Amino acid sequence: MVLTSVEKMVGLQKKTSGIRNICILAHVDHGKTTLADCLISSNGIISSRLAGKLRYLDSREDEQIRGITMKSSAISLHFVKGDQEYLINLIDSPGHVDFSSEVSTAVRLCDGCIIVVDAVEGVCPQTQAVLRQAWLENIRPVLVINKIDRLIVELKLTPQEAYLHLKNILEQINAVTGALFTSKVLEERAEKETESENVSDTAPGDQIYDWSTGLEDTDDSHLYFSPEHGNVVFASAIDGWGFGIEHFAKLYSQKIGIKPTVLLKTLWGDYYLNTKAKKIMKGDQSKGKKPLFVQLVLDNIWSLYEAVMKRDKEKIEKIVTSLGLKIGPRESRHADPKVQLNAICSQWLPISDAVLSMVCNKVPSPLDITAERVEKLMCVGARTFDSLPPETQELKSAFMKCSSEGTAPVIVFVSKMFPVDSKALPQNKPRPLTQEEIAHRRELAKRRHAEKLAASQGKELPEEPPSENSSEVAGNTGDRKGEEQQLTGQGDSMTSKAVKEETENKESFIAFARVFSGVAKRGQKIFVLGPKYDPAESLHKLSAQCSPTSDLPVVPHMTCCTLENLYLLMGRELEDLEEVPAGNVLGIGGLQDFVLKSATLSTSPACPPFTPLNFEATPIVRVAVEPKHPSEMPQLVRGMKLLNQADPCVQVLIQETGEHVLVTAGEVHLQRCLDDLRERFAKVQISVSAPIIPFRETITRPPKVDMVNEEIGKQQKVAVIHQTKEDQNKIPEGVQVDSDGLVTISTPNKQATLSVRAMPLPEEVTRLLEENSDLIRTMEQLSTSLNEDKKTHEINQKTLDRIKEFKQKLEKNLQGRKWRNAVDQIWSFGPRKCGPNILLYNFEGYKRSVWQCLGTTVKEVSKYRDFDNSIVSGFQLATLSGPMCEEPLMGVCFIVEKWEINKVGDILSTSRQDSGENDATEHQQNEDNTLGSTDEGHSANEHQDGNQSGTESPEKISKPKGELSLADCYGPFSGQLIATMKEACRYALQAKPQRLMAAMYTCEIMATAEVLGRVYAVLSKREGRVLQEEMKEGTDVFIIKAVLPVAESFGFADEIRKRTSGLASPQLVFSHWEIISSDPFWVPTTEEEYLHFGEKADSENQARKYMNAVRKRKGLYVEEKIVEHAEKQRTLSRNK
Ligand SMILES: Nc1nc2c(ncn2[C@@H]2O[C@H](COP(=O)(O)OP(=O)(O)OP(=O)(O)O)[C@@H](O)[C@H]2O)c(=O)[nH]1
Ligand SMILES: [Mg+2]
């Protein structure tokens, strides 16, 4: 029986101080959904007998089958504590890494979270990840240590051991929070320091760095979990019990006559009770005393479990009566002791009371949102709060007030869109009639009956005044009108039938959202602000007071929509609402066409878009999909669009090859996406390619030893003749490669010559480039705007500092003779101008810098400058796809050592010779931009001012007219340069030892000692490498940390699970790129190798296998000798 009506909830929603928005976070399988069940059953939505078995919030079929949660879902609960009433908006989240993006969507809407930790497994990788997410969002965590029954039943610990174990877990968790806190304080301190440095110019030599200072004066006690602070609950969700120590403190203060405040402080910790003196003393172990927690709490629980497990009826009865509980006959006679336990414990220490009162005490209400959190939400990227326009800054107070008055601006954040079957929407559901409607109908029926009677008796009824808007039919005209009514009624039901059919099989998207300020009303018009919306820009165009209802000019990234339906989220059900006041979590219908995944909604144009959600997982697993029947392509495309909207993390793309590609976070996620696509969104059969695994190409230093570990000396080289020949064939005429790997190549028209060398970058530099790709992109944008002399981008001091720091780090890591001045000579990064490869220039007469925004270079115009872009473009192309299998490059540095361009006049003369008729069209070309874009004058323009028709640059005027055409029979000169540069890079790369890089997962596996061997076997079969193995304290569980190539990971989790009979289950997270040490082009070249491997060298080569697989997939030529040296051919004779 549902105890709370929707009306009650609506009432509670208005009392902001009694609202708690929380989510449940944990590692996979630590019992979030089970705990949610217990909390839900306290509201009577599900029966308490089913709590823990039903997993009510796992509403998808596959969630129930697999037993893991895959999406976050919300439910509103009512809780009474003393004379206070609370509304708890509870969100359950998934724990599996593949769905960590769903956690981000939940965390954003909440003010606090319940961190659940398994008492046996302790802190796991996802526990740390969710703690970090809670931290980043600035929400208050509380802790539930769950599954304590396992300590009793499975591990068979004594209460004393269990106490130590729990203490240990608590310390581990606090260590994680401590680390987060310390890093933040230090960061803030460093920031302050730089600020104060900027202000006052103290002599730098006198400063002594003491890194601990900031930490000491910052109070951090509220951050830590400690039972005495009331933010820890010990529980067993499956058995329905849980308690905070204040429960026992209250209980025992009466029994033993010690003040509850004293007990509260000493019940957890190394204190014991001196029964004679009735005093609590410190220090337990040394004297062999039991700590209070063991004596007063754990002992009782242990003895209850023991009694029930041993079916000691007398003892059970004794305990039950002493606790004053009533156990129903059904439970007390039940064969399963678990049922009895549940019945007793859930009455004795109801888990929902313990958890919900902790939440109400410790989690702030929406009114107490901190200024820090508001500022963080309002500032996108590197922007600071002070740099926002004043109207926007004013909105901060609206956030802080969280007011539901009519004047308050409405601010809503949508964190995800989730699909709901249209049939399940409240407005499409058959609704039970209300009392009034029933009464009304009865009245009508009565009257009709009376009319019939009257007609038969020939009497008339007294007339009643006809009421206009009621559907009642009155008086003697009733018959005809009644017919009409019926007809239209029928019409109605017919149209509604049609609508129904239409809505059948259709998905509606509901926005998962929270109101941060104002009241969201049904039918209200509101602005939808995209993530790139900039209030500063639009406030120029609009007045701050304008509302979404007025006529507005077009503003980028801003649209207007209507809040069509508002819903109360009740797990599997939705309830219609008229309006939702500030501070509540809600569902919004009708945003499908306006919001893709997340958005900010507001009635004020000054509202900034919220900072994007922090996603922990990187989508890495990609597959190509196509419909089984090619004619069903449109359905698939539509389905993929819907899927993209429904999942916060999936990426849906069409590759250059025309393939439709899904990119997902992992195998489980992929499976869910495909199921959704098949059964829900596209409803067609689809075929799925094998996962497309990304690789990177790179080069290394030449090896010092050969494949049989012999040192390579020149005299040992064997002339494997065909190999050398092949090598020579690869390099066409006109390309010179010297012994050092310097490649010299000319453009087809011989007007320019380039010398390029490739070098491997040190690993740290590659990592640095990867980590700072956003910064590099910002630098690129800054340089462009500087070049265009636009001052639109005010350079933020913080960004500048970060760039400086980045430069210093690069300098530190690029040292030695080879890299002299390298950092100052960086010309570009690639691919896409921000990747992990570098282009350097190293020749006289040229100056250019990516550090332009730091103000280091003077602008210099030279003959090179005009073709600068071509070289950079060639480099971008070369780094985008390498020669091995057309995958992007990584960690490669290209150095242009020579770049000669013939004098412009020479180019001109040759181009005249080559194509004399060009002169005739030259005038036209000057006007025609498509051709003109190739001429020098124009490209000079591009660099300098970008205005083409106005004042001409002095250079251009001084040049003879004919010079404008630089195209010859080989095509435009700039194009030739791009192609030449690209070729040069590729050859330079091939002149060095090339290697493939594989994407690596890190995985953490927990396994018991007996299955350890099998885990290792699976790991080594799949090229995995164990990094660390340690034993979890107090258990016989080993934690193995390993890395594993993504390419070998498919089916890994399943295989491990099968081989260990489900005892070990790994979690895979993308971590980094790693060089595969084997050379894909390797053939024996030294005498030893030749002897060892033979001429064919056909033993397995991992890198070559990967490379050829990629080449095959891309339809590139694969060098494969199918039958070589066939010894004997067998002819199968046909049976006659
Ligand atoms: N022994 C014991 N088992 C529990 C307890 N709580 C939950 N479980 C079991 O642990 C398993 C996982 O529980 P769930 O509630 O689905 O875990 P979850 O954290 O929601 O898992 P995900 O949503 O997939 O991350 C189920 O088999 C539960 O029966 C507990 O207190 N004691
Ligand atoms: Mg769950």
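**The metal site and its surroundings**

Modeller: In this predicted model, the magnesium ion (ligand 2) is coordinated at 1.9 Å by Thr 33 (OG1) and Thr 69 (OG1).

Colleague: How many residues apart in sequence are the parts that Thr 33 and Thr 69 tie together?

Modeller: Thr 33 belongs to helix α2, whereas Thr 69 sits in the loop between α3 (61-66) and β2 (73-81). The pair therefore links parts of the chain whose separation in sequence is 36 residues.

Colleague: Are Thr 33 and Thr 69 buried or exposed?

Modeller: A residue counts as buried when its relative accessible area is under 20%. Thr 33 and Thr 69 both fall into that class: they are buried.

Colleague: Which residue places a backbone N or O atom 2.9 Å from an oxygen atom of ligand 1, and what percentage of the ligand's area does the protein bury?

Modeller: The backbone atom in question is from Ala 237. Ligand 1 taken alone exposes 650 Å², and the share of this that the protein buries is 85%.

Colleague: How many bridges join β27 to strand β30?

Modeller: Strand β27 spans residues 752-760, and eight of its nine residues are buried. It runs antiparallel to β30 (residues 892-901), with Ser 755 opposite Lys 898. The number of bridges between β27 and β30 is nine.

Colleague: Which residue in the hairpin of β26 and β27 takes a positive phi?

Modeller: Strand β26 (residues 743-746) pairs with β27 in the antiparallel sense over four bridges, and Ser 746 stands opposite Thr 753. Five residues lie between the two strands of this hairpin. The residue with a positive phi, near 65°, is Lys 750.

Colleague: What is the relative accessible area of Lys 833?

Modeller: Lys 833 is found in the loop between β28 and β29. Although not a glycine, Lys 833 has a positive phi of about 65°. Lys 833 is classed as partly exposed because its relative accessible area is 31%.

Colleague: What is the relative accessible area of Glu 886?

Modeller: Glu 886 lies in the loop between α27 (868-880) and β30, and its phi is positive, about 60°, although it is not a glycine. This residue too is partly exposed, with a relative accessible area of 26%.

Colleague: With which residue does the side chain of Asn 565 make a polar contact of 3.4 Å?

Modeller: Asn 565 is in strand β15 (residues 565-570). With a relative accessible area of 13%, Asn 565 is buried. The partner side chain in the 3.4 Å contact is that of Arg 522.

Colleague: How far apart are the C-alpha atoms of Ser 602 and Ser 517?

Modeller: Ser 602 lies in strand β19 (residues 599-602) and is buried, its relative accessible area being 0%. Along the chain, Ser 602 and Ser 517 are 85 residues apart. Their C-alpha atoms are separated by 9.2 Å.

Colleague: What distance separates Phe 385 and Lys 396, C-alpha to C-alpha?

Modeller: Phe 385 occupies the loop between α16 (371-378) and α17 (390-401). Its relative accessible area is 11%, so Phe 385 is buried. Phe 385 and Lys 396 are 11 residues apart in sequence, and their separation in space is 9.9 Å.

Methods. Residues numbered from 1 in each chain as written. Chains lettered and ligands numbered in written order. Predicted model: local features only at pLDDT ≥ 70, side-chain atom pairs only at ≥ 80, totals over all residues. Heavy atoms only, no water. Polar contact = N/O pair within 3.5 Å; in protein donor to acceptor, adjacent residues only side chain to side chain. Areas by Shrake-Rupley, 256 points an atom, 1.4 Å probe, with all protein chains shown as cover. Donors = N, O, S within 2.8 Å, 3.2 Å for Na, K, Ca; no water. Buried < 20%, exposed > 50% of the residue type's maximum accessible area, 1.4 Å probe, protein only. Pairing = 2+ DSSP bridges.
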